[in-house]
Amino acid sequence: MESLEALTPLVAGGGVVVLSGAGLSTESGIPDYRGPSGVARRHTPMTFQAFTRDPVARRRYWARSHLGWRLIARAAPNAGHRAVTRLQRAGLIDAVITQNVDGLHSAAGSAQVVELHGRLDEVTCLDCGNLTSREELDRRLREANPDFVARVAAVNPDGDVDLPEDQVATFRTVDCGICGTGMLKPDVVFFGETVPPQRVARCFALVEQARAVLVLGSSLTVMSGRRFVIRAAKRGIPVAIVNQGPTRGDGHATVSVDAPLGVLLPALAHRVTGGAAPVITPAGV
């Protein structure tokens, strides 16, 4: 396979930092925004400004996310996530920077994971700063909405789902359980919100120390992730991109591969680490 031939020497040399995007989680049942299963054309993600300023928008978000969270919570790492973990345990990948909020890299056993946009399984109070688990919030929302029944049409990468307005109208939100009045928000970076500067600085440091950067499943459309590819290219650090479809970082790439990650990554891990040949299982298994 020509794509494997191009990727093998880059990864086999070690010192790799992975930058992953939503395309890596599609085989776990979580669609991405812009790839083959993309939802961008029919779904506008919640913005920080709308969430904090508009009570109606906030209720709509929590009603949808209350259902979407359950689907994401059941998602399991796929063959691509497991291959990344295998490469890391072989000493070839130093760290993982992920734009995803699903926690699947950690669930697969990867270490040194920087979750650039936060985690959907944690909730923060915008007033007192208290951090609680999404499971705890899920329990409280169930208690506040015992008769809430809705059917999920589709789940989105941020845990949001599509719901008719008449089903949203009856949903009750809850405030912080610690301070009593604080506004709760999932501990993720919404559109229109900035990534914490210290987190960005850590990612830049990882990229600058890398021997190579491997982009997995990201269209690099937004600058939040693309800036790390640009920094690597400026420093002369090789960049390999594996994604289904073109990306905005292709011009900076040493290698660009259009292939399903759940197939290519296990084959790559087998080639550079040896051992048993990969067994490709259904998504999420």
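How many helices and strands does the secondary structure of the chain come to? Colour the model by secondary structure and count: there are 10 helices and 9 strands. Keep in mind during the tour that this is a predicted model.

**The whole chain**

Start with everything shown. The chain has 285 residues, and 51% of them count as buried. Now consider contacts between residues at least 6 apart in sequence: 71% of these join residues at least 24 apart.

Leu264 belongs to helix H10, which covers residues 261–273. Is Leu264 buried or exposed? Its relative accessible area is 2%, so Leu264 is buried.

**A histidine in helix H3**

Next, select residues 55–74, which form helix H3, and pick out His66 within that helix. His66 counts as buried because its relative accessibility is 3%. Which residues is His66 in contact with, leaving aside its neighbours within four places in sequence? Show the side chains of Arg134, Asp138, Leu141, Arg142, Phe148 and Phe171 to see these contacts.

**An open sheet**

Move on to the sheet with strand order E5-E4-E6. This is an open sheet of 3 strands, and the pairing is antiparallel. The edges are strand E5 (131–133) and strand E6 (184–188), each of which pairs on one side only. On average, neighbouring strands here are turned by 45° against each other, with direction ignored. Strands of a sheet pair through backbone hydrogen bonds, in either a parallel or an antiparallel way.

Zoom in on strand E4, residues 118–125. E4 and E5 run antiparallel and are joined by 3 bridges. To look at a bridge, select Val123 and its partner in E5, Thr132.

H6 lies across E4, E5 and E6, and runs at about 65° to E4.

**Four cysteines**

How many disulfides does a search of the whole structure find? The search finds 0.

Select Cys176 and Cys128. The cysteine sulfur closest to that of Cys176 is in Cys128, at 3.8 Å, which is too far for a bond because a disulfide needs the two sulfur atoms within 2.5 Å. Cys176 counts as buried, at 3% relative accessibility.

Now select Cys179 and Cys125. For the sulfur of Cys179, the closest cysteine sulfur is in Cys125, at 3.8 Å, and this too is too far for a bond. Cys179 is partly exposed, as its relative accessible area is 34%.

**Two crossing helices**

For the last stop, select helix H8 (residues 197–209) and helix H9 (residues 223–234). Their axes come within 9 Å and cross at roughly 35°. Is the crossing of H8 and H9 left-handed or right-handed? The crossing is right-handed.

Show the side chains where the two helices meet:

- From H8, the contact is made by Val200, Cys203, Phe204, Val207 and Glu208.
- From H9, the contact is made by Arg227, Phe228, Arg231 and Ala232.

Colour these residues by class: the contact of H8 with H9 has 6 nonpolar and 3 charged residues, and no polar ones.

Definitions and conventions. Residues are numbered from 1 along each chain as its sequence is written. This is a predicted model: local features need pLDDT of at least 70, side-chain atom pairs count only at pLDDT 80 or more; totals for chains, interfaces and linings use all residues. Side-chain values use heavy atoms; hydrogens and water are left out. Helices (H or I, at least four residues) and strands (E, at least two) are DSSP runs, numbered from the N terminus. Buried means under 20% relative accessible area, exposed over 50%, partly exposed in between (1.4 Å probe, protein chains only). Contact means heavy atoms within 4.5 Å. Two strands pair if DSSP finds at least two bridges between them. Axes are lines fitted to C-alpha atoms, for helices over the stretch in contact, and angles run from 0 to 180 degrees between N-to-C directions. A crossing is left-handed if the near helix is turned anticlockwise from the far one by less than a right angle, and right-handed if clockwise. Ala, Val, Leu, Ile, Met, Phe, Trp, Tyr, Cys and Pro count as nonpolar, Asp, Glu, Lys and Arg as charged, and the others, Gly among them, as polar.
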